[in-house]
Amino acid sequence: MSDELVFYTNPMSRGRIARWMLEEVGQPYRTEVLDFGTTMKAPAYLAINPMGKVPAIRHGDTVVTEAAAICAYLADAFPQAGLAPASGSRERGPYYRWLFFGAGPVESSVTNKTMGFQVPPERAGTVGYGSLEDVLNALEGAVSKGDYLVGNRFTAADLYVGAQIGWGMQFGTIEKRPAFERYAARINSRPAAIRARELDDALLPKK
């Protein structure tokens, strides 16, 4: 069985998160760029991801979709990159906590803000994230405790959460709090992050 690593993406998508993670693990991979509404919805790609969305990866016969899941999978598939606490480590708890906090409450609350939807205060208890303010306050506390979310080293949780914060501040869906700006600047200055941006930027349509 081939262990080829294939990356399905579009440079104007969450695929940028997966690209960054691929650059962090440092393994060779092949990129397939898909277009919205055409190749992304074609039968060949729907066999990979029935949602018709990117990113996705195929590692041999294993297919993984969803940016956070891709980050978690690659960290475990290539442990030599040191992007996840060891299995069984107590640090695995906060690692999962913040990785899924980014994929759940942060993603949901920021998307709702983008769409102009506000949860009525009296219904906040029925919503997983409560309120955007609750989410941002929890996130601020997490990134203010140290350089990284888990222990004293960068992990896939930092990559995913850092990407969410960076994008949110860029597009105005996350407040530019000093703690967020410091954290995003630190995370996004990593060599792999810079390489990933350059690769994706080179794929953008020429103006």
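Author: What follows is a set of questions and answers on a predicted model.

Reader: Why is Leu99 called buried?

Author: Leu99 has a relative accessible area of 0%. Buried means under 20%. Therefore Leu99 counts as buried.

Reader: Where is Leu99, and which residues does Leu99 touch?

Author: Leu99 sits in helix H4. Leaving out residues up to four places away in sequence, Leu99 touches Ala68, Ala72, Ala156, Ala157 and Tyr160.

Reader: How far is Leu99 from Tyr45, in sequence and in space?

Author: They are 54 residues apart in sequence. From C-alpha to C-alpha, Leu99 and Tyr45 are 27 Å apart.

Reader: What makes Glu23 buried, although Glu counts as charged?

Author: The label rests on area. Glu23 has a relative accessible area of 13%. The cut-off for buried is under 20%, so Glu23 falls in that class.

Reader: Where is Glu23, and what is in contact with Glu23?

Author: Glu23 is found in helix H1. Neighbours within four places in sequence are set aside here. Glu23 is then in contact with Tyr29, Ala192, Arg195, Ala196 and Leu199.

Reader: Why is Arg153 called partly exposed?

Author: Its relative accessible area is 29%. Buried needs under 20% and exposed needs over 50%.

Reader: Where does Arg153 lie, and what does Arg153 touch?

Author: Arg153 lies in the loop between H5 and H6. Not counting residues up to four places away in sequence, Arg153 touches Gly82, Leu83, Ala84, Pro85, Ala86, Tyr148 and Asp158. Arg97 is 56 residues from Arg153 along the chain, and their C-alpha atoms are separated by 16 Å.

Reader: What makes the phi of Glu66 worth a remark?

Author: Most residues other than glycine have a negative phi. Glu66 is not a glycine, yet has a positive phi of about 75 degrees. Glu66 lies in the loop between strand E4 (62–65) and H3.

Reader: Is Glu66 exposed or partly exposed, and how do you know?

Author: Partly exposed. Glu66 has 47% relative accessibility. Exposed means over 50% and buried means under 20%, so Glu66 belongs in between.

Reader: What makes the peptide bond from Val54 to Pro55 stand out?

Author: Most peptide bonds are trans. The bond from Val54 to Pro55 is cis, with omega near 10 degrees. Pro55 is in the loop between helix H2 (43–46) and strand E3 (56–59).

Reader: Which residues of H3 are buried, and what do they pack against?

Author: Ala67, Ala68, Ile70, Cys71, Ala72, Leu74 and Ala75 are buried in H3. The buried residues of H3 pack against strand E1 (5–9), H1, E3, E4, H4 and H6.

Reader: How is the packing of H1 and H6 described?

Author: Two packed helices are described by an angle and a distance between their axes. For helix H1 (residues 15–25) and helix H6 (residues 156–171), the angle is about 145 degrees, and the axes are 10 Å apart. H1 passes H6 in a right-handed crossing.

Reader: Which residues make that contact?

Author: H1 gives Arg16, Ile17, Trp20, Met21 and Glu24. H6 gives Ala156, Leu159, Tyr160, Ala163 and Trp167. By class, the contact has eight nonpolar, no polar and two charged residues. Arg and Glu count as charged, so Arg16 and Glu24 are the charged ones.

Reader: How much space lies in the largest pocket, and what lines the pocket?

Author: The space is about 1,200 Å³. The lining has 42 residues, and Ser13, Arg14, Ile17, Gln164 and Trp167 lie nearest the centre. H6 gives the largest share of the lining, nine residues. By class, the lining has 22 nonpolar, 12 polar and eight charged residues.

Reader: What about the second largest pocket?

Author: About 210 Å³ of space lies there. Its lining residues include Ser109, Phe117, Tyr129 and Glu133. H4 and helix H5 (132–144) each give two or more residues to the lining. The largest share, three residues, comes from H4.

Conventions:
Residues numbered from 1 in each chain as written. Predicted model: local features only at pLDDT ≥ 70, side-chain atom pairs only at ≥ 80, totals over all residues. Heavy atoms only, no water. Axes fitted to C-alpha atoms, helices over the stretch in contact; angles between N-to-C directions. Helix = DSSP H or I, 4+ residues; strand = E, 2+ residues; numbered from the N terminus. Left-handed = near helix turned anticlockwise from the far one by under 90°. Contact = heavy atoms within 4.5 Å. 1 Å grid on protein atoms, 1.4 Å probe; cavity = no way out; pocket = protein on both sides within 12 Å on 5 of 7 lines; lining within 4 Å. Points joined across faces, edges and corners; volume = space filled by probe spheres on them. Buried < 20%, exposed > 50% of the residue type's maximum accessible area, 1.4 Å probe, protein only.
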